[in-house]
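User: I would like to learn how to read salt bridges, helix faces and aromatic pairs from a set of coordinates. Could you walk me through an example?

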Amino acid sequence: RSGGNDGQLDTIVYNAVIKACERSSEWSQALGWFSEVREEMAPDVVTFNTTITALQKGTQWQQALVMMDEVERHVTPDA
C-alpha cells in the first residue's frame, strides 16, 4: 500500500460493514467482521461500539458485556 491513510480508510470500511450487519440484525456477521478487524488492525472505539450495538440488538448481552470490558482494556480516551 502506498497511501498514509490506508489504515484509517480500512477501519472506516470495516466499521461501515459492521454497521450494515447491525442494521440488518446480523449480530453473528458483525462479530465475524469484528474478529477480522482484530486480525488486521487495532479496532477503534467506533468498531467496538458498533459491534456492541449489534450484539445488544441481537440480545447477546453476555457477549456485549465481555466486549465492553475489552473496550476498557484496549481503547484509550482521547483526552
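Predicted model: local features only at pLDDT ≥ 70, side-chain atom pairs only at ≥ 80, totals over all residues.

**Reading the features one by one**

Analyst: Happy to! A network of salt bridges links K19, E22 and K57. Residues are numbered from 1 along each chain as its sequence is written, and side-chain values use heavy atoms, with hydrogens and water left out.

User: How many helices and strands does the chain have?

Analyst: Helices (H or I, at least four residues) and strands (E, at least two) are DSSP runs, numbered from the N terminus. Here the chain has four helices and zero strands, so the order from the N terminus reads α-α-α-α.

User: What counts as a salt bridge, and how many are there?

Analyst: In general, side chains of opposite charge can pair when their charged atoms come close. The rule used is a side-chain nitrogen of Lys or Arg within 4 Å of a carboxyl oxygen of Asp or Glu. By this rule there are three salt bridges. K19 pairs with E22, with the closest N and O atoms 2.8 Å apart. Because they are three residues apart in helix α1, about one helical turn separates K19 and E22. K57 also pairs with E22, at 2.3 Å between the closest N and O atoms. K57 lies in helix α3 (residues 45–57) and E22 in helix α1, so this pair ties together parts 35 residues apart in sequence.

User: Is E22 buried or exposed?

Analyst: Buried means under 20% relative accessible area, exposed over 50%, and partly exposed in between (1.4 Å probe, protein chains only). E22 counts as buried because its relative accessibility is 2%. Over the 79 residues of the chain, 32% count as buried.

User: Where does the remaining salt bridge sit?

Analyst: R38 forms a salt bridge with E70, the closest N and O atoms being 1.8 Å apart. This pair links distant parts of the chain, with R38 in helix α2 and E70 in helix α4, 32 residues apart. E70 is buried at 11% relative accessible area, whereas R38 is partly exposed at 39%.

User: Which residues of α2 are buried, and how do they sit around the axis?

Analyst: The buried residues of α2 are A30, L31, F34 and V37. Seen down the axis, they fall within an arc of 110° (taken from the directions from the helix axis to the C-beta atoms), so they line one face of the helix. On the other side of α2, E39 and E40 are exposed.

User: How are aromatic pairs classified, and what is an example?

Analyst: Rings of Phe, Tyr and Trp (its six-membered ring) pair if their centres lie within 6.5 Å; planes under 30 degrees apart count as stacked, over 60 as edge-to-face and the rest as tilted. The structure holds two aromatic pairs. One of them, Y14 with W33, is tilted, at 6.1 Å centre to centre and 55° between the planes. This pair links distant parts of the chain, with Y14 in helix α1 (residues 6–23) and W33 in helix α2 (residues 27–40), 19 residues apart. Y14 is buried at 13% relative accessibility, while W33 is partly exposed at 29%.
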